[in-house]
Amino acid sequence: MSVRRISKSEYKRVAERMKKIQEEQKLIVSRMRHIKYKIAILSNKGGVGKSFVTASLAGALAVNGRRVGVLDADIHGPTIHKMLGLPTGFGMPARADGTIFPVEVPPGIKLASLGLLLPEDETPIIWRGSLKTAALRELLAYVDWGELDYLLIDLPPGTGDEQLTIAQIIPDLTGFILVTIPSEVSKAIVKKAIAFANRLNKRVIGIIENMAYFRCPEGSVHYIFGKGAAEELAKEYGIEFLGRIPIDPKIREANDKGKLFFLEYPDSEAAKAFLEAAKKVIEIVEGRKLDEAEASS
Ligand SMILES: Nc1ncnc2c1ncn2[C@@H]1O[C@H](COP(=O)(O)OP(=O)(O)OP(=O)(O)O)[C@@H](O)[C@H]1O
Ligand SMILES: [Mg+2]
């Protein structure tokens with residue numbers, strides 16, 4: 001095998017890159033110390049509602065008095081800024097030393113996303129794995145969240161670069177919340193996500209079943225994608241079942257209009273289910289029961 005000697009200038013470039021990565025990793029460690037719980041929202045399947053669940057859970061945690069941040073780790077298809085009411089290209093405040101600040105939206109959620117920095121929705125991001133990893137590392141290193149109780153990380157579908165990067169560079173990731181729909185196909189896919197988390201030695205905090213049923217205006221309930229798969233899986237793997245969210249056309253409309261559904265329709269079944277799910281998350285990760293007064297305040 002022939003061995004190529006690298007030139008001095010190549011060596012310098014590699015050394016500089018390594019130094020930048022080490023400095024960023026140090027910054028990440030120090031920023032993450034100010035955030036109590038870091039939770040990534042995972043699903044191997046696209047379009048099951050990860051971003052919607054992340055936005056709603058963030059809203060429900062904030063309403064429960066928690067300081068919440070959301071990081072959009074979906075580099076190719078950032079969407080959660082719109083679900084939280086901010087247009088693409090809104091921008092993020094930055095300081096001359098490179099520190100970036102998240103944008104705060106009601107009910108007190110701090111958001112950082114590449115979607116806020118893109119000029120328009122149609123602008124594609126055509127990056128390979130290493131560039132995506134670098135972008136995520138930079139977001140984690142340079143965004144100053146201040147003190148937070150929860151950072152929710154909205155992942156793209158699958159178990160690829162973004163998921164691995166988040167699991168590896170956040171030193172003490174609290175765990176994953178899995179999102180699924182109740183179809184048999186999704187069951188196999190959730191099993192893969194559980195295996196992924198186990199392989200990385202990360203905790204699965206719980207499973208949320210989205211699009212679980214549809215309630216007709218006259219009251220009859222239809223299980224469009226099947227019934228009960230997520231709860232069965234949760235039992236099988238000894239994982240907490242966080243709740244089921246119905247299909248509701250108002251959810252799609254609110255998301256498309258850039259209104260946070262959770263605040264627009266606080267009395268809906270879905271919003272109530274998110275409040276319950278948030279309470280369970282708090283109980284699981286903080287290890288304590290919420291008393292009645294605290295839960296309803
Ligand atoms: N329970 C629901 N009822 C009605 N519409 C929903 C529901 N959940 C999500 N949607 C809609 O389904 C679409 C996909 O949701 P979302 O973008 O949250 O999925 P995702 O899993 O994040 O997708 P991706 O894999 O592309 O990141 C959106 O238009 C959203 O408004
Ligand atoms: Mg998404």
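Reader: Which residues come nearest to ligand 1?

Author: This is a predicted model, and every value here is computed from it. The shell around ligand 1 counts 21 residues. Those that come nearest are G46, G49, S51, F52 and N255.

Reader: Which helices each supply at least two residues of that shell around ligand 1, and how many of its residues are nonpolar, polar and charged?

Author: Helix α2 covers residues 50-63 and helix α8 covers 249-257. Each of the two supplies at least two residues of the shell. By class, the shell around ligand 1 has eight nonpolar, nine polar and four charged residues.

Reader: How many helices and strands does the chain have, and what is its radius of gyration?

Author: The chain has 11 helices and 10 strands. Its C-alpha trace spans about 75 × 45 × 40 Å along the principal axes. A compact globule of 297 residues would have a radius of gyration near 19 Å. The chain agrees with that, at 20 Å.

Reader: What share of contacts with a separation of 6 or more joins residues 24 or more positions apart?

Author: First, burial: 41% of the 297 residues count as buried. As for the contacts with a separation of 6 or more, residues 24 or more positions apart account for 79%.

Reader: Which residues have the most contacts inside the largest nonpolar core, and which helix gives this core its largest share?

Author: The largest nonpolar core has 78 residues. Inside it, L152, I153 and F274 have the most contacts. Nine residues of this core, the largest share, come from helix α10.

Reader: What does L152 contact, leaving aside neighbours within four places in sequence?

Author: L152 is one of the residues with the most contacts inside the core. Beyond those sequence neighbours, L152 is in contact with I39, I41, T54, L57, A58, V68 and V70.

Reader: Is L148 buried or exposed, and which residues does L148 touch?

Author: L148 lies in strand β5, residues 148-154. L148 is buried, because 20 other C-beta atoms lie within 10 Å. Not counting residues up to four places away in sequence, L148 touches H34, I35, R67, V68 and G69.

Reader: How far apart are the end C-alpha atoms of α10, and what covers the buried residues of α10?

Author: At 1.5 Å a residue, the 18 residues of α10 should span 26 Å; the end C-alpha atoms are 25 Å apart, which agrees. Among the buried residues of α10 are A270, F274, L275, V281 and I282. What covers the buried residues includes α2, β7, β10, α8 and α9.

Reader: Where does the cis peptide bond from P106 to P107 fall?

Author: Most peptide bonds are trans. The bond from P106 to P107 is cis, with omega near 0°. P107 has its place in the loop between β3 (103-105) and β4 (109-112).

Reader: N201 has a positive phi although it is not a glycine. Is N201 buried or exposed?

Author: Most residues other than glycine have a negative phi. N201 has about 65° and is found in the loop between α6 and β7. With 8 C-beta neighbours inside 10 Å, N201 counts as exposed.

Reader: M211 also has a positive phi although it is not a glycine. Is M211 buried or exposed?

Author: The phi of M211 is about 55°. M211 is found in the loop between β7 and β8. Because 23 other C-beta atoms lie within 10 Å, M211 is buried.

How values were computed: Residues numbered from 1 in each chain as written. Chains lettered and ligands numbered in written order. Predicted model: local features only at pLDDT ≥ 70, side-chain atom pairs only at ≥ 80, totals over all residues. Core = buried A, V, L, I, M, F, W, Y, C linked by C-beta atoms within 7 Å. Buried ≥ 20, exposed ≤ 12 C-beta atoms within 10 Å, placed from the backbone. Helix = DSSP H or I, 4+ residues; strand = E, 2+ residues; numbered from the N terminus. Contact = placed C-beta atoms within 7 Å. Rg over C-alpha atoms; globule rule 2.2 N^0.38 Å. Near = placed C-beta within 6 Å. Nonpolar A, V, L, I, M, F, W, Y, C, P; charged D, E, K, R; others polar. Expected span 1.5 Å × (residues − 1).
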